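This report describes a protein model in plain terms. Please look at the sequence and the structure before reading on.

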Amino acid sequence: MAGGLRARLLTRHVVLIIIAFIFLLPMLWMVSSSLKSNAGIFTFPPQLFPPHPHLSNYSHAVTYIPFFTYLRNSAVVSAATVVGTLISCTPAAYAFSILRWKGRDVLFYVVLATIMIPFQVVMIPLYIIFRNLGWLGTLLPLTVPPFFAMFISSYFSAGLAIFLLRQFFRTLPRDLFEAAMIDGAAPWTTFWRLALPLSRAGLITVGMFAFLSSWTMFVAPLIMLNSNTLLTLSVGLQQFQSQHFTAWNYLMAASFMFTLPVLLLFIFAQRYFVQGIALSGLKG
Amino acid sequence: MRKARGFTLLFLSPWLIGFLGLMLVPLLVALYWSFTNYDVFQAPQWVGLQNYIAIIHDPIFWQSVGNTLYITVIGVPTGIIAGLGTALLLEKPIRGMGFYRAAIFLPTIVPPVAVAIVWLWILNPDYGLLNAILGVFHIRPLGWLNDPHLAKVSLLMMVVWGMTGQIMIVMLAGLKDVPVELYEAAMIDGASSWNRFRKITLPMIGPVIFYEVVVGVIFYLQFFTQAFVVTANNLGEPVNSTLFYALYLYQNAFDFQKMGYAAAMAFILFIVIVIVTMLLFWINRRVVFYGGGE
């Protein structure tokens, strides 16, 4: 009996190790390829551990394309998205959870419905609107909408941000707010002094998702940024590939640098990731 | 009281402005353009239902619909099975659980563009890692993304790799909510582990599976980024086998400047998503079990 249990535990470990390896392999492969020489990258069968790691690939990669310009553009867009989303969605979520007013629940259905609207539908009019405003030569089409709870990404939307924040606000004890109001606290004070500090975890979670989706978004920058110096990294990486030749080792180095901020965020804030995903998935 | 109402409006205003100006108005404008001929440079010309009629007679449109259905029908169940399978393996405490979970979750945060790039390299027919691994088992190298029969499967591999961890986390949260007493009672009655899974686990996490089906269907119907990146120089290649709906829509709008046609395609997509979601909710009400109360 005990032997059977141990054998089963061992099989579980073996299966899990194989699965973990499969899931980690592509990223290991990215790093490994980023360290290979120009000749080493085109050796078959390939080596997982290059004998002479070429760290210089990283310095070549950042000059092969205007890497730092794109990095700065990505950073500007992401910073604007995080700040804009929090500024526009937090008060809305507060209004949809703590405040009481007529039509609240009906309007909240509208918020939920917006999550369903595919970006492709509004993409063309937004492109024309921003074009007519003369914004296509700037980062404005990506940095302004988040301040108005409009999020140009299919992975995370302002509707979802409002929904998540509302979930956090709803876990706060109602009595607290009623007591504050009886004490004559202005609505602004209860929001600023009570709700916000108590839902810091929610703000961090939403801010993180906003960062993640703006850092990785592709369609909107592809359409809205028409000048070569304005691209974000997710779009700019395409320049490594041409019809005839791809510098795979430099491309892997650049891709890894592009992924690194997200990896670091994941390592330091794993808890918030898991919490946010579980919350959006279950409490619907 | 009036002050409170003003306050509510103030709090809602950023969202309200954005919803009206960047969502509702564009939506209506797109609807109008779908009945026009519009190439960006000249004012839109009303053509009635012409775009919609042209779409119905466009063989490439139907090809893109077929491709999109293919990845949706295969991708959604594959992702859920992978996510649920890994969740079941990692549900009970086991040494190294944190590491295993992190390893499976890690790909879900890798930017889709980076996912596509590294898989493009892994699937390279001449120097790729996957063909090298197959070589160890004496399987001859495959064309993967260059092979019209394997291109969609290749794309699904990278997408499922990047999505399993997220589904796993949601499944794990769902599994945690299944009351232990149910399992204990079933064990006393001598139910096999397969029966316990089928009769207890599956119905109890039904709502979670349903949620993932909805999210998955909506994702695949709009699938774009990875397919764009791997065929950037030749959208939809080989022989249109990876020309998905959103890709063909993009092509019409921004390569061919057929804004009216693209707007009509976008509206068809929107309506399909609404209908499919409603249908899923309808099936959900009849099939999925929701526990009493909360």
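The sections below go from the overall build to single residues.

## Basis of the model

This is a predicted model, in which local features need pLDDT of at least 70 and side-chain atom pairs count only at pLDDT 80 or more, while totals for chains, interfaces and linings use all residues. Residues are numbered from 1 along each chain as its sequence is written, and chains are lettered from A and ligands numbered from 1 in the order in which they are written.

## Chain A as a whole

Chain A holds 13 helices and zero strands. Helices (H or I, at least four residues) and strands (E, at least two) are DSSP runs, numbered from the N terminus.

The C-alpha trace of chain A spans about 75 × 75 × 30 Å along its principal axes. Its radius of gyration is 24 Å, whereas a compact globule of 284 residues would have one near 19 Å. That radius is taken over C-alpha atoms, and the globule rule is 2.2 Å times the number of residues to the power 0.38. In chain A, 45% of the 284 residues count as buried. A residue is buried if 20 or more other C-beta atoms lie within 10 Å of its own, exposed if 12 or fewer, and partly exposed in between, with C-beta atoms placed from the backbone.

## Two domains

Chain A is divided into domain 1 (2–54) and domain 2 (58–282); such bounds come from an automatic or database domain assignment. The C-alpha centres of these two domains of chain A lie 33 Å apart. Seven residues of domain 1 of chain A are in contact with six residues of domain 2 of chain A, where contact means that the C-beta atoms of two residues, placed from the backbone, lie within 7 Å.

## Where the chains meet

The contact between the chains takes 68 residues from chain A and 69 residues from chain B. On the chain B side, helix α1 (residues 2–33) gives the most, with 18 residues. By class, that side of chain B has 57 nonpolar, ten polar and two charged residues. Here Ala, Val, Leu, Ile, Met, Phe, Trp, Tyr, Cys and Pro count as nonpolar, Asp, Glu, Lys and Arg as charged, and the others, Gly among them, as polar.

## The nonpolar core

A nonpolar core is a set of buried Ala, Val, Leu, Ile, Met, Phe, Trp, Tyr and Cys residues joined through C-beta atoms within 7 Å. The largest one has 155 residues, of which Cys89(A), Ala92(A), Ile124(A), Ile162(A) and Ile117(B) touch the most other members. Helix α7 (residues 151–176) of chain B supplies the largest share of this core, 13 residues.

What does Ile117(B) touch, not counting residues up to four places away in sequence? The residues are Leu237(A), Leu251(A), Ser255(A) and Val229(B). Ile124(A) is also one of the buried residues of α5(A). Helix α5 (residues 119–132) of chain A has 14 residues and reaches 20 Å from its first C-alpha to its last, close to the 20 Å expected at 1.5 Å a residue. The expected span is 1.5 Å times one less than the number of residues in the helix.

## Two loop residues

Pro145(A) lies in the loop between α6 (140–143) and α7 (158–170) of chain A. Pro145(A) counts as buried because 25 other C-beta atoms lie within 10 Å.

Phe35(B) sits in the loop between α1 and β1 (36–37) of chain B. With 20 other C-beta atoms within 10 Å, Phe35(B) is buried too. The C-alpha atoms of Phe35(B) and Gly260(B) are separated by 6.6 Å, although the two are 225 residues apart along the chain.
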